[in-house]
Amino acid sequence: MRHIIYLITTLCCLVLASCGNKASNVSPDEMASRAAKLYYENLLHGKCEAYIDGFYRPDSIPESYREQLIVSAKQYVGQMKKDHQGLVSVEAVGARTDTAKHVGEAYLLLGFGDKTKEEVVVPLVLHDGCWMLR
């Protein structure tokens with residue numbers, strides 16, 4: 001009976017280890033780049049709440065302050081519509097990360113409705129295995 005439990009435990013560990021290897025094939029730079037792109041795509045699709053919730057905050061904030069941040073993000077989207085006919089595309093260009101310090105920068109190319117493009121640097125922080133806006 002002990003041998004069966006030992007065998008099952010060993011097999012479970014091997015399965016978990018193999019799952020972890022698949023996820024680690026993606027570099028931290030690529031993960032940071034994907035995260036930044038996702039956050040800015042939330043703005044592209046008008047999901048300002050999701051964009052605001054992507055910011056790292058070590059402490060909780062009052063709901064009234066969160067609502068102010070959402071209004072500010074909506075104003076930012078409105079300003080982009082006024083100045084450049086809106087945000088129409090987000091392309092990840094690259095990223096640089098420092099996994100020892102848990103920080104990084106992602107580079108995005110924002111495309112606007114008036115055919116202009118702008119490259120932005122998005123500061124990120126790694127928190128509980130997830131890249132968040134800083």
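Predicted model: local features only at pLDDT ≥ 70, side-chain atom pairs only at ≥ 80, totals over all residues.
Residues count from 1 along each chain as its sequence is written. Local features need pLDDT of at least 70 and side-chain atom pairs 80 or more, while totals for chains, interfaces and linings use all residues, and side-chain values use heavy atoms, with hydrogens and water left out.

Start with the rings. You'll find 2 aromatic pairs in the structure; Phe, Tyr and Trp rings (six-membered ring for Trp) pair if their centres lie within 6.5 Å, with planes under 30 degrees apart called stacked, over 60 edge-to-face and the rest tilted.

Select Tyr40 and Tyr51: they form an edge-to-face pair, 5.7 Å centre to centre with 75° between the planes. Tyr40 sits in helix H2 (residues 28–44) and Tyr51 in helix H3 (residues 48–53), so the pair ties together parts 11 residues apart in sequence. Helices here are DSSP runs (H or I, at least four residues), and strands are E runs of at least two, numbered from the N terminus.

Tyr40 is buried at 11% relative accessibility, and Tyr51 is buried at 10% (buried is under 20% relative accessible area, exposed over 50%, partly exposed in between, with a 1.4 Å probe and protein chains only).

Phe55 is partly exposed at 23%. Show Tyr40, Tyr51 and Phe55 together and you have one aromatic cluster.

Last stop, the cysteines. Cys48 is buried at 3%, whereas Cys130 is partly exposed at 38%. The disulfide count is 0, where a disulfide means two cysteine sulfur atoms within 2.5 Å.
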